[in-house]
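Work through the exercises below with the sequence and the model open. Try each task before reading its solution.

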Amino acid sequence: MYVGRDLTELTMMSKSEWRESELAFFHHSLQQVVPYLNAEGQSLHLQIVEEIEKRGGIGRNEADYTHGTKPTYD
């Protein structure tokens, strides 16, 4: 379950101020409903993707004893 700031609060701030977990959660959420998004939703999703890319992505290629290979945003 996601515990963090809601989308209303986050849209009032720059994407650079979002936590990685927030970017990952809302990217995953919006990705699930892409066919139903209006132009504003598509624009928001694109901004989130661009911020994730700017930060170098969120995936992990290697696991270690404290982290798995699947990103955790929850």
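**Exercise 1. Find the contacts of His27, leaving out residues up to four places away in sequence.**

Solution. The model is predicted. Step one: list the partners. His27 touches His45, Ile48, Val49 and Ile52. His27 sits in helix H2, which covers residues 20–32. The relative accessible area of His27 is 19%. The cut-off for buried is under 20%, so His27 is buried.

**Exercise 2. Check the span of H2 against 1.5 Å a residue.**

Solution. H2 has 13 residues and should span 18 Å. Step two: take the distance in the model. The end C-alpha atoms of H2 are 19 Å apart. Step three: compare. The two values agree.

**Exercise 3. Which residues of H2 are buried, and against which helices do they pack?**

Solution. Step one: pick out the buried positions. They are Glu22, Leu23, Ala24, Phe25, Phe26, His27 and Leu30. Step two: look for the packing partners. The buried residues of H2 pack against helix H1 (7–10) and helix H3 (39–54).

**Exercise 4. Describe how H2 and H3 cross.**

Solution. Step two: name the arrangement. Over 145 degrees would count as roughly antiparallel, so H2 is oblique to H3. The crossing of H2 and H3 is left-handed. Step four: list the residues that meet. H2 brings Leu23, Phe26, His27, Leu30 and Gln31. H3 brings Leu44, His45, Ile48, Val49, Glu51 and Ile52.

**Exercise 5. Which residues make up the largest nonpolar core, and how many are there?**

Solution. Step one: collect the members. The core holds 12 residues: Tyr2, Leu10, Met13, Trp18, Leu23, Phe25, Phe26, Leu30, Leu37, Leu44, Ile48 and Ile52. Step two: assign members to helices. H2 and H3 each supply at least two residues of this core. The largest share, four residues, comes from H2. In soluble globular proteins, nonpolar side chains tend to be buried together. Beyond four places in sequence, Met13 touches Arg5 and Trp18.

**Exercise 6. Thr11 and Gln42: buried, partly exposed or exposed?**

Solution. Step one: locate both. Thr11 is in the loop between H1 and H2. Gln42 lies in helix H3. Step two: read the accessibility. Thr11 has 37% relative accessibility, so it is partly exposed. Gln42 has a relative accessible area of 45%, so it is partly exposed. Step three: check distances. For Gln42 and Leu30, 12 residues apart along the chain, the C-alpha separation is 8.5 Å. Step four: check contacts. Thr11 touches Trp18 and Leu44, not counting residues up to four places away in sequence.

**Exercise 7. Summarise the protein chain: how many helices and strands does it have?**

Solution. Step one: count the elements. There are three helices and zero strands. Step two: read them in order. The pattern along the sequence is α-α-α. Step three: take the buried fraction. Of the 74 residues, 27% are buried. Step four: look at contact range. Among contacts with a separation of 6 or more, 44% join residues 24 or more positions apart.

Methods:
Residues numbered from 1 in each chain as written. Predicted model: local features only at pLDDT ≥ 70, side-chain atom pairs only at ≥ 80, totals over all residues. Heavy atoms only, no water. Buried < 20%, exposed > 50% of the residue type's maximum accessible area, 1.4 Å probe, protein only. Contact = heavy atoms within 4.5 Å. Expected span 1.5 Å × (residues − 1). Core = buried A, V, L, I, M, F, W, Y, C linked by side-chain atoms within 4.5 Å. Axes fitted to C-alpha atoms, helices over the stretch in contact; angles between N-to-C directions. Parallel < 35°, antiparallel > 145°, perpendicular 65-115°, else oblique. Left-handed = near helix turned anticlockwise from the far one by under 90°.
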